[in-house]
Amino acid sequence: METHKTGLHSKDISNWPFWVAITVSLWLAFLTRFMTDDGFIYFRYALNFAEGRGLVWNPGELIDGYLNLLWILLLGTGLKAGIGLVEFSYMCGLLFFSITIFYTYRSIILISDAAWFNFLLLLFMGSNFSFVTCATGGLDTHMQLCLLMASTYYFLKMVMCEDYSFV
């Protein structure tokens with residue numbers, strides 16, 4: 001049976017570094033949760049969007065003052081579903097935070113088979129104050145970082161393993 005080290009189901013690499021690091025990181029992110037004032041800028045745009053006034057700061061004024069349209073649409077969708085903006089922002093931030101750690105782990109195991117090295121690298125990343133607090137700040141930081149790490153993983157997989165699949 002052929003084994004390869006491209007995912008969490010690999011036979012030749014222990015996955016305990018991922019599970020320990022993600023558990024510790026999510027716990028730290030939840031404990032240090034806070035909301036930045038810039039997050040409330042996104043919330044105002046999302047509120048106006050959800051209430052049918054468009055992607056505006058003030059109804060009737062066509063001024064764009066946001067950086068990430070997708071984040072506003074996502075927050076507005078959560079608000080339309082009946083979830084509070086702060087709570088939905090926490091949920092989305094922690095989800096993208098988790099996916100970022102997942103793709104970081106997948107990238108690391110393409111480079112190293114050493115479980116302790118993988119664990120320490122993930123733990124250092126997952127316990128970094130700036131990285132952890134951005135998970136719940138109300139901003140799109142981890143959405144962007146998630147895309148970056150997923151892209152990095154698939155690039156490394158393609159270059160190092162000559163594997164062009166997205167599995």
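Q: With which residue does Glu51 form a salt bridge, and how far apart are the closest N and O atoms?
A: Side chains of opposite charge can pair when their charged atoms come close. In this predicted model, Glu51 forms a salt bridge (a side-chain nitrogen of Lys or Arg within 4 Å of a carboxyl oxygen of Asp or Glu) with Arg53, and the closest N and O atoms are 2.2 Å apart. A search of the whole structure finds one salt bridge.

Q: What should I keep in mind about the numbering and the values?
A: Residues are numbered from 1 along each chain as its sequence is written, and side-chain values use heavy atoms, with hydrogens and water left out. Because the model is predicted, local features need pLDDT of at least 70 and side-chain atom pairs count only at pLDDT 80 or more, while totals for chains, interfaces and linings use all residues.

Q: Where does Phe88 lie, and is Phe88 buried or exposed?
A: Phe88 belongs to helix H4, residues 85–111, where helices are DSSP runs of H or I with at least four residues, numbered from the N terminus. Phe88 counts as buried because its relative accessibility is 13%; buried means under 20% relative accessible area, exposed over 50%, and partly exposed in between, with a 1.4 Å probe and protein chains only. Leaving aside residues up to four places away in sequence, Phe88 touches Leu74, Leu75, Gly78 and Ile83, contact meaning heavy atoms within 4.5 Å.

Q: How many residues of H4 are buried, and how far does H4 reach?
A: H4 has 27 residues and reaches 39 Å from its first C-alpha to its last, close to the 39 Å expected at 1.5 Å a residue, the expected span being 1.5 Å times one less than the number of residues.

How values were computed. Helices (H or I, at least four residues) and strands (E, at least two) are DSSP runs, numbered from the N terminus.
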